[in-house]
Amino acid sequence: MDKSFALISLGCAKNLVDSEVMCNQLLLAGFRKVQPEQAAILLINTCAFIVPAKEEAINTIFAAVRDRDAGLSPTDQKIVVCGCLSQRYAKDLVKSMPEVDCFVGVDLICRIAEIAAACLAGTAEKVYTTQVSTLLPDFGSSRYRLTGGHFAYIKIAEGCNHACAYCAIPRIRGPHRSRPLSSIVREVRECVTHGVREVNLIAQDTTYYGMDKWDKRATKTSGVDSSRGDSLASLLRALNEIPGDFWIRVLYTHPAHWSRELIDAFAECDKVVKYVDIPLQHISAHILQEQRRMTDGDYIRKLLRDIRAAVPGIGIRTTFIGGLPGETEDDHAELRDFIREFRFERAGVFAYSKEEGTLAAKMKNQVHHATRKRRANELNMILASIADEMGAEAIGKTVRVLVDAPGIARGPWDAPDVDGSIHVPVSLPVGEFAEVKIADAIAYELFAEGAEEAEEQM
Ligand code: SF4
């Protein structure tokens with residue numbers, strides 16, 4: 001049996017970690033990793049968070065089928081669709097996509113080698129899913145890292161206990177469950193030993209970390225509090241003790257769970273990079289309430305001021321959604337003013353995408369799709385002009401960077417794949433930290449001294 005496989009990972013970093021787990025399972029079972037056009041079995045790990053993600057997944061599946069039909073990949077190649085799309089729609093997709101050999105839901109990633117072998121032998125079921133996602137693998141360091149040698153995503157929890165009205169993720173990924181703190185510390189320690197310089201802590205909601213295990217049940221607005229059990233603050237403090245020169249970056253923090261203790265942990269832990277990702281989504285009180293974000297405008301404004309006061313130099317990244325159901329021109333204006341006032345170091349705005357099965361999709365007061373786009377575009381233009389100002393302010397500053405590739409690095413305010421990059425001299429070693437002086441900027445894209453000359457040589 002030809003046990004060659006390829007894996008296409010779509011969607012977010014959380015999905016990428018699942019892809020890494022699957023790659024490792026397959027390699028341990030004797031499969032070989034090859035390019036998609038050579039693979040006996042092609043796995044496509046999909047996202048189904050919003051409509052564009054579903055479209056991307058479906059286009060990728062059809063492209064693989066076309067390649068197989070055209071003989072660009074083995075004509076007997078097995079195509080397996082994994083991840084959120086399968087978890088959510090497998091039963092419908094079986095009928096509409098008969099060309100796909102097998103659909104595998106999010107809880108079956110640790111059985112992927114067995115399923116792949118059955119697929120190649122022609123004995124697999126068409127669908128492998130569970131009703132509710134409950135899996136919490138020990139995403140140990142033995143997984144196959146697709147990010148390369150110097151940075152890693154560390155999934156600290158799976159699932160989500162929130163019920164944001166616009167979001168389908170809790171239905172797909174199930175309730176929140178946290179990994180043991182010791183398991184995360186062990187994984188990070190091993191990563192650092194193997195040369196990782198940046199660990200990115202990820203989950204659907206990193207600020208809820210540990211709360212699912214507290215004796216007295218946490219609520220949707222409980223603040224991070226390590227006197228009640230493990231928490232993101234105690235995790236950061238434990239990771240900060242690991243010897244070595246590395247950054248800890250925290251992504252996806254829900255604003256409702258921030259607390260004084262967490263702010264202090266960010267301020268005091270020198271390895272925690274001065275960057276925080278807080279998806280705010282809106283600022284209007286009634287929109288936040290109707291979307292069940294468990295926050296209001298006053299709370300968010302105070303939180304941002306407290307973080308900036310306690311952690312000088314911090315870069316705050318956020319996202320907003322334009323045109324949520326019920327959003328009036330006044331709500332939009334409030335959001336516009338808020339963005340101008342707080343001048344986020346990194347931010348993006350998406351037009352609201354109506355997700356079937358969510359509460360928001362059933363709301364009567366939907367905003368016209370053209371209005372959603374117009375409002376999102378307007379906010380993105382404001383963010384673009386703030387980004388230009390931020391870039392200009394960076395000129396002349398010395399910044400510590402992590403070199404990702406020859407001539408390309410990231411600074412503290414740049415998470416991998418989502419933020420900007422810094423052009424640096426190609427002589428700087430890849431996978432190591434360096435200090436560079438910023439000479440020029442185009443918005444979030446910065447140019448260090450010596451970078452231009454290096455580009456001319458290429
Ligand atoms: S916190 Fe809200 S937006 Fe984030 S995954 Fe949970 S339900 Fe979705």
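1. Arg292 is found in the loop between α9 (285-290) and α10 (297-310), where helices (H or I, at least four residues) and strands (E, at least two) are DSSP runs numbered from the N terminus. The phi of Arg292 is near 60 degrees, a positive value in a residue other than glycine, whereas most residues other than glycine have a negative phi. Arg292 is classed as partly exposed because 16 other C-beta atoms lie within 10 Å; with C-beta atoms placed from the backbone, a residue is buried if 20 or more other C-beta atoms lie within 10 Å of its own, exposed if 12 or fewer, and partly exposed in between.

2. On the basis of the note: this is a predicted model, in which local features need pLDDT of at least 70 and side-chain atom pairs count only at pLDDT 80 or more, while totals for chains, interfaces and linings use all residues. Residues are numbered from 1 along each chain as its sequence is written.

3. Ala443 also has a positive phi in a residue other than glycine, with a value near 55 degrees, and its place is in the loop between β18 (433-442) and β19 (445-448). With 16 other C-beta atoms within 10 Å, Ala443 is partly exposed.

4. For the chain as a whole, there are 14 helices and 19 strands, and its C-alpha atoms fill a box of roughly 60 × 60 × 50 Å, taken along the principal axes. A compact globule of 458 residues would have a radius of gyration near 23 Å, and the chain, at 23 Å, agrees with that expectation; the radius is taken over C-alpha atoms, and the globule rule is 2.2 Å times the number of residues to the power 0.38. Buried residues make up 46% of the 458 residues. Of the contacts with a separation of 6 or more, 74% are between residues 24 or more positions apart, two residues being in contact if their C-beta atoms, placed from the backbone, lie within 7 Å.

5. The residues around the ligand are Cys160, His162, Cys164, Cys167, Ile169, Pro170, Gln204, Asp205 and His254, a residue being near a molecule or strand if its C-beta atom, placed from the backbone, lies within 6 Å of it. By class this shell has 5 nonpolar, 3 polar and 1 charged residues, where Ala, Val, Leu, Ile, Met, Phe, Trp, Tyr, Cys and Pro count as nonpolar, Asp, Glu, Lys and Arg as charged, and the others, Gly among them, as polar.

6. Helix α2 (residues 51-69) has 19 residues that, at 1.5 Å a residue, should span 27 Å, and its end C-alpha atoms are 27 Å apart, which agrees; the expected span is 1.5 Å times one less than the number of residues. Ala57, Ile61, Ala64 and Arg68 are buried in α2, and, seen down the helix axis, the buried residues fall within an arc of 60 degrees, so they line one face of the helix, the arc being that of the directions from the helix axis to the C-beta atoms. An α-helix has 3.6 residues a turn, so residues three or four places apart point the same way. The buried residues of α2 pack against β3 (41-46), β4 (78-83) and α3 (84-96), while the face turned away from the buried side carries the exposed residues Val51, Pro52, Glu55, Asn59, Arg66 and Asp69. Just after α2, Gly71 takes a positive phi of about 80 degrees.

7. In helix α4 (residues 112-121), the buried residues are Ile112, Ile115, Ala116, Cys119 and Leu120. They cover an arc of only 135 degrees around the axis, which puts them on the same side of α4. Their packing partners are β1 (4-9), α1 (13-28), β3, β4, β5 (102-104) and β6 (127-128). Just after α4, Gly122 takes a positive phi of about 80 degrees.

8. Ile156, in the loop between β7 (151-155) and β8 (157-158), counts as buried because it has 24 C-beta neighbours inside 10 Å. Not counting residues up to four places away in sequence, Ile156 touches Ser178, Arg179, Ile184, Leu201, Ala203, Thr206, Tyr209 and Leu235. The C-alpha atoms of Ile156 and Gly210, 54 residues apart along the chain, are separated by 9.2 Å.

9. Thr221, found in the loop between β10 (198-202) and α7 (232-240), counts as exposed, with 11 C-beta neighbours inside 10 Å. Leaving aside neighbours within four places in sequence, Thr221 is in contact with Ala256 and Met294.
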